[in-house]
Amino acid sequence: MSENNKVDLTIDDTYTPVEYDDQYILMVNNLKKYFPIKDGMLQQTVGYVKAVDGVTFNIKRGTTMGLVGESGCGKTTTGRTILRLAGEKTGGQVLFNGQEVYDFSNKEMRKKRTEMQIIFQDPFSSLQPRMPIGEIIGEAVREHNIVPKEEYDDYIDKIMDECGLQPFQKDRYPHEFSGGQRQRICIARALALNPEFVVCDEPVSALDVSIQAQIINLLNDLQEKHNLTYLFISHDLSVVEHISDTVGVMYLGNLVEYGPTDRIFNNPLHPYTKALLSAVPVPDPDAKMNRIVLEGTIPSPANPPSGCKFHTRCSECMECCKNKAPVMKEVEKDHFVVCHLYDEQ
């Protein structure tokens with residue numbers, strides 16, 4: 001590769017460390033996760049896929065934050081990076097109860113796994129098909145010594161009952177259950193470790209609408225009973241509105257808007273948020289929909305556009321949007337947006 005055509009492989013990880021605030025169970029500051037692009041016989045790094053590119057948010061204890069956006073925007077990678085399930089982070093801070101998650105040794109992280117759990121999108125592929133569900137739910141309980149051996153069976157029965165499963169089903173295998181029941185098994189497996197924080201990675205997207213409501217209500221009941229904190233990842237805005245206290249809107253690896261749920265849905269600020277909300281179906285055949293259609297395709301996260309990443313699809317694009325990246329600003333109390341339209345406010 002000639003000197004003039006060299007790709008800039010430097011990674012900017014400059015940020016101001018945040019001070020821990022004990023009202024928040026999770027504080028994410030300028031989080032980045034890049035995946036290297038390899039090429040040639042020597043498999044040299046020629047670029048990066050910027051899956052998560054400087055995401056910042058906080059989650060209060062006992063609340064739910066919804067993370068929404070189009071497929072491929074980096075929602076799932078954000079959740080997995082927070083839990084250290086996607087390898088090392090590229091940059092930024094992840095503070096869980098005031099401690100940097102990426103400072104833990106492997107032994108310390110193993111203990112922290114009981115406090116931070118995940119519910120995967122596809123319940124069938126995340127369950128071991130050759131294990132009965134009693135073993136699936138109880139495997140980690142036994143491994144981490146959550147309860148004494150003599151209390152083990154009663155404990156698993158109790159967890160199953162809380163999640164809408166019957167104890168006599170312990171000896172059955174995952175393929176013998178419906179999709180909704182399998183998702184209950186996944187929830188029971190996560191809940192069995194007494195976690196404080198749970199990443200729900202599109203936990204209802206593969207289910208029928210009626211079953212979705214049951215699972216959402218179950219998550220709400222468990223949160224109230226055990227004081228759980230959720231990061232709820234979804235592309236279904238109607239579900240997010242129902243379950244979330246705060247909402248973050250992601251586009252191409254960045255958080256473009258963040259705030260309380262009612263303000264995001266009643267007063268969306270970013271053009272991308274407005275477009276997403278305009279696509280939510282309304283259960284009224286006579287209602288007139290002012291659908292905002294986004295032109296063009298999502299740019300590649302390996303080669304994002306300069307300036308604002310959304311400017312190539314934005315109907316309100318200005319000249320400054322093409323060259324200068326906007327910064328997050330608080331337009332109203334606790335309601336943040338990343339857009340040049342609000343630079344003078």
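This is a predicted model: local features need pLDDT of at least 70, side-chain atom pairs count only at pLDDT 80 or more; totals for chains, interfaces and linings use all residues.
Start with the helices. Two packed helices are described by the angle between their axes and the distance between the axes. Here the pair is α3, residues 133-143, and α5, residues 179-191. Their axes lie 8 Å apart, at an angle of about 25°. Angles under 35 degrees count as roughly parallel, so α3 and α5 are roughly parallel to each other. Their crossing is right-handed. On the α3 side, Ile133, Ile136 and Ile137 make the contact. Ile185, Ala188 and Arg189 meet them from α5. By class, this contact has 5 nonpolar residues, 1 charged residue and no polar ones.

Now turn to the empty space. Rolling a probe the size of a water molecule over the atoms shows where empty space is left. Across the whole structure, the search finds 4 cavities of 30 Å³ or more.

Helix α5 returns in the second largest cavity, where α5 gives the most to the lining, with 3 residues. Helix α6 (209-226) also supplies at least two lining residues. The volume of this second largest cavity is about 50 Å³. Its lining includes Ile187, Ala190 and Leu191, along with Leu219 and Leu222. Ile119, Pro195, Val198, Leu228 and Tyr230 line it too. By class, the lining has 10 nonpolar residues, with no polar and no charged ones.

The largest cavity has a volume of about 70 Å³. Among its lining residues are Cys308, Cys314, Cys321 and Cys339. His270, His311 and His340 also line it, as do Pro271, Phe310, Glu316 and Leu341. This lining divides into 7 nonpolar, 3 polar and 1 charged residues.

Notes
Residues are numbered from 1 along each chain as its sequence is written. Side-chain values use heavy atoms; hydrogens and water are left out. Axes are lines fitted to C-alpha atoms, for helices over the stretch in contact, and angles run from 0 to 180 degrees between N-to-C directions. Helices (H or I, at least four residues) and strands (E, at least two) are DSSP runs, numbered from the N terminus. Angles under 35 degrees count as roughly parallel, over 145 as roughly antiparallel, 65 to 115 as roughly perpendicular and the rest as oblique. A crossing is left-handed if the near helix is turned anticlockwise from the far one by less than a right angle, and right-handed if clockwise. Contact means heavy atoms within 4.5 Å. Ala, Val, Leu, Ile, Met, Phe, Trp, Tyr, Cys and Pro count as nonpolar, Asp, Glu, Lys and Arg as charged, and the others, Gly among them, as polar. On a 1 Å grid over the protein atoms alone, a cavity is a set of points where a 1.4 Å probe fits but cannot get out, and a pocket is an open set with protein on both sides within 12 Å along at least five of seven lines; lining residues have an atom within 4 Å of a point. Grid points are joined across faces, edges and corners, and a volume is the space filled by probe spheres set on the points.
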